[in-house]
Amino acid sequence: MGRRVGREPGEEAGKCLYKGQWYPEGVFVPDACKKCYCGQGEHFCAVLSCDIAQCYDAVTDDPDHCCPFCPNGPNCRAPDGTVVQVGQEHQRSPDELCTCILLGSKADFSCPV
């Protein structure tokens with residue numbers, strides 16, 4: 001088998017073609033959800049994984065963000081619909097005062113028993 005001599009029409013030396021666009025060798029980010037590497041004319045991409053959003057009002061349809069994000073910071077949603085920031089208290093009933101806290105990767109209410 002012989003080596004290929006020359007390039008196909010439109011092929012660029014030392015670059016990778018990804019979804020109709022040429023990228024130089026090295027790391028490139030074609031969109032908010034992928035990180036790719038171009039080397040010797042070949043590309044390899046990894047899809048970013050997302051953490052759970054720590055808020056009730058996460059934005060999921062922003063083209064500049066791959067993962068859901070919290071524009072108003074971490075928060076909880078009370079049963080009555082009130083959005084409460086982490087660290088703030090909420091009177092859930094006349095005798096129940098709860099605090100919005102982070103529990104691992106999720107924000108939720110902590111209420112005394």
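A disulfide, counted here as a pair of cysteine sulfur atoms within 2.5 Å, joins cysteine 36 to cysteine 45, with an S to S distance of 2.0 Å. The torsion about this S-S bond is about 105°, so the disulfide is right-handed. Cysteine 36 is buried at a relative accessible area of 2%, whereas cysteine 45 is partly exposed at 36%. Buried means under 20% relative accessible area, exposed over 50%, and partly exposed in between, with a 1.4 Å probe and protein chains only.

The model is predicted: local features need pLDDT of at least 70, side-chain atom pairs count only at pLDDT 80 or more, and totals for chains, interfaces and linings use all residues. Residues are numbered from 1 along each chain as its sequence is written, and side-chain values use heavy atoms, with hydrogens and water left out.

A search of the whole structure finds 7 disulfides. One of them is formed by cysteine 16 and cysteine 38, whose sulfur atoms are 2.0 Å apart. Because its S-S torsion is about 90°, the disulfide of cysteine 16 and cysteine 38 is right-handed. Cysteine 16 lies in strand 1 (residues 15–18) and cysteine 38 in strand 4 (residues 34–39), so the pair ties together parts 22 residues apart in sequence. Strands (E, at least two residues) are DSSP runs, numbered from the N terminus. Cysteine 16 is buried at 0% relative accessibility, and cysteine 38 is buried with a relative accessible area of 0%.

Cysteine 76 and cysteine 100 also form a disulfide, with sulfur atoms 2.1 Å apart. This pair links distant parts of the chain, 24 residues apart: cysteine 76 is in strand 6 (residues 75–77) and cysteine 100 in strand 9 (residues 96–103).

Conventions
Helix = DSSP H or I, 4+ residues; strand = E, 2+ residues; numbered from the N terminus.
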